Amino acid sequence: MPLKTLPLADPGGPDLSSPLAFLRWLQRSQRRGQVRATCWALLEMGSQAALPVPLGLGVQAAVDGDAAGIWRAGAAALALSAVAALGAVLLHRQAVWNWIHAATQVRQLVARQASHLGTGLSRRIATGEIVAVGSGDVEKIGWYVELVARVRGAVIVWLAVSTAVLIAQPVLGLVVLLGVPVLAAAVWPLLGPFERRYTEQRALGGKATELAADTVAGLRVLRGIGGEELFLARYRAASQKVRSAAVRSARIWSLMQAQQVLLPGLFVVGVTWYGAHLAATGRMGIGALIAVYGATAFLAAPLRILGEAAHAWSVARVSAGRAVRVLSLSRTTGTPDAELTRPAQSDLYDPASGLTVRAGELTAVVCGDPDFAGELAERLGGHVPLADGEQPRPSARLGGTELDAVPLAEARAAVLVHDKVPVLLSGTLAALLDVPASGRVTPAEALAAARAEDVLDALVDGSPDCGGDAMRAGITERGRSLSGGQRQRLALARSLLADPPVLVLDEPTSAVDAHTESRIAAGLRKNREGRTTVVFATSPLLLDQADRVVLLQDGRAVAAGRHRELMHTEPVYRAVVTRDEEPAPVGEGV
């Protein structure tokens, strides 16, 4: 049986109108797998449901002394058992595949969304929530999608068994036909309380995961200030809340499980008692009684599947709702349809602040508020996601074209924003530097401009298997084995290697010493000669290398010029750069 290769080349465009619509879309996206699983379920459960018939015929043949009938019944039972075993193997294989397929598809969608939103994702939703959706929630969703085919098979077999019994014994058939739905519906009153408790458990689990992620990310700082025990106590308290919520959910689930055992058992006892009464009065043969009993007892399996489906639906609806929330986040409204022309020769302009970055120049931006500087740096790249309740701002313009109006990939190719806290993925240095690039700058030149010589030595020393080749040296997850300055320089080298038409750097040297910073400033100017570069900084070493420095105050550009000129003419600029007490504001100059 051929199976699709994972991961999927394209996870598709999901229906995000509601959690139920999302789950239905997942089912439709694997139609062939659903059809196959339904067929194998019918093969397995149909053979199991039919098995009591030859057994009853065999018993009746033994009572009647029909040896040939016994052999025929035995052969039929053996054949049905073999078919049921084959159906069980094929069903399990396809069901597991459907589960993995759905889970993988949701994971790819979440990963694609995280990549699409970039750093704006954390402004919209907690990191722990993303981790929980990409781990536990996808398993619950996959479980439900896989169960749908088995539920179809169970319902079809139940109708077939009910019809057969109805033909042979109308009263028993009517009981079987009506009894199964009643027993299946008996679990629904517990679904509401279970779903509410599971929702609470899921929310608390997301908060605990977020706390754990924050603790691990700040472990080095926590150790430095001796705060491990404080955060350990907080996580312990959060985990105990999750445990208590899980126990409350498990209590309801245990009642649902008990129902699935008790009620079908009572149903089988009742049907068997009535059948025995018919047999005792001569209105039913012994063989027919055994066949009816076996078929009725088999119906416990479809009932268990229906009960499992009720549970899966409860948790999958909660999980799908959270997945839909993540996947529904968008960067901007409307459909981008504009095109950028000659971005390397175009000025970059931000209407909200009045900042103009001239094409081909190294422009430094000085701002006393680092948070605002980070927001502006991100806005210069275009397609910035808005936080909940945040009012939209005018889009940055490159050559008169709004960046929000062009496709995201085109905006990213034109303007690269280097984050203040860059992320290094685990792998080799060669893999880290394997980024889309113009080819104008080589890896060696980018590393030299970032003054990363000692970083290369540290990577080689930490990777004995690299054979002295720094490009084969390993980088640990998030570059934790390196210092902050070393991580910063590797990330800067990666941005310089990409060589975008416009490069926006947010405090690229905040974690290095003054001597290294001076060399990086010179290397940056030489490497980006003739290219448009924006540097958010307050270091005189960087500012002195800039062709033009722009001062921002209260979110607006108020002055512009060379560094030394502004030091003499603008008291506010001098106060920010020298970190003296800020004097009275000046009027807008740009």
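Tutor: What follows starts with the strand and then turns to the cores and helix contacts.

This is a predicted model, in which local features need pLDDT of at least 70 and side-chain atom pairs count only at pLDDT 80 or more, while totals for chains, interfaces and linings use all residues. Residues are numbered from 1 along each chain as its sequence is written, and side-chain values use heavy atoms, with hydrogens and water left out.

The strand is S10, residues 532–536; helices (H or I, at least four residues) and strands (E, at least two) are DSSP runs numbered from the N terminus. Because 5 of the 5 residues of S10 are buried, the strand is largely enclosed by the rest of the structure, where buried means under 20% relative accessible area, exposed over 50% and partly exposed in between, with a 1.4 Å probe and protein chains only. In a regular strand the side chains alternate between the two faces of the sheet. In S10, Thr532, Val534 and Phe536 point one way, whereas Thr533 and Val535 point the other way, and all are buried.

Two strands pair with S10, a pair being called if DSSP finds at least two bridges between the strands. Strand S3, residues 362–367, runs parallel to S10 and is joined to it by 4 bridges, with Ala364 having Val535 as its bridge partner. Strand S9, residues 502–506, also pairs with S10 in the parallel sense, over 5 bridges, and there Asp506 stands opposite Phe536.

Setting aside neighbours within four places in sequence, Thr533 is in contact (heavy atoms within 4.5 Å) with Val357, Glu361, Leu362, Thr363, Leu503, Leu505 and Arg528.

Turning to another buried residue, Leu497 lies in helix H18, residues 484–498, and counts as buried because its relative accessible area is 5%. Beyond neighbours within four places in sequence, the contacts of Leu497 include Leu433, Val435 and Thr442.

The largest nonpolar core has 54 residues, and those with the most contacts inside it are Phe22, Leu23, Leu26, Ile141 and Tyr144; such a core is a set of buried Ala, Val, Leu, Ile, Met, Phe, Trp, Tyr and Cys residues joined through side-chain atoms within 4.5 Å. Helix H6, residues 127–168, gives the largest share of this core, 15 residues. A second, separate core of 47 residues includes Leu433, Ala473, Ala491 and Val577.

Tyr144 is in contact with Leu23, Gln27, Ala312, Trp313 and Ala316, leaving aside neighbours within four places in sequence. Helix H1 (residues 19–28) and helix H12 (residues 300–327) pack at an angle of about 95°, with their axes 8 Å apart; axes are lines fitted to C-alpha atoms, for helices over the stretch in contact, and angles run from 0 to 180 degrees between N-to-C directions. H1 and H12 are therefore roughly perpendicular to each other, since angles of 65 to 115 degrees carry that name, those under 35 count as roughly parallel, those over 145 as roughly antiparallel and the rest as oblique. Among the residues making this contact are Leu23 of H1 and Trp313 and Ala316 of H12.
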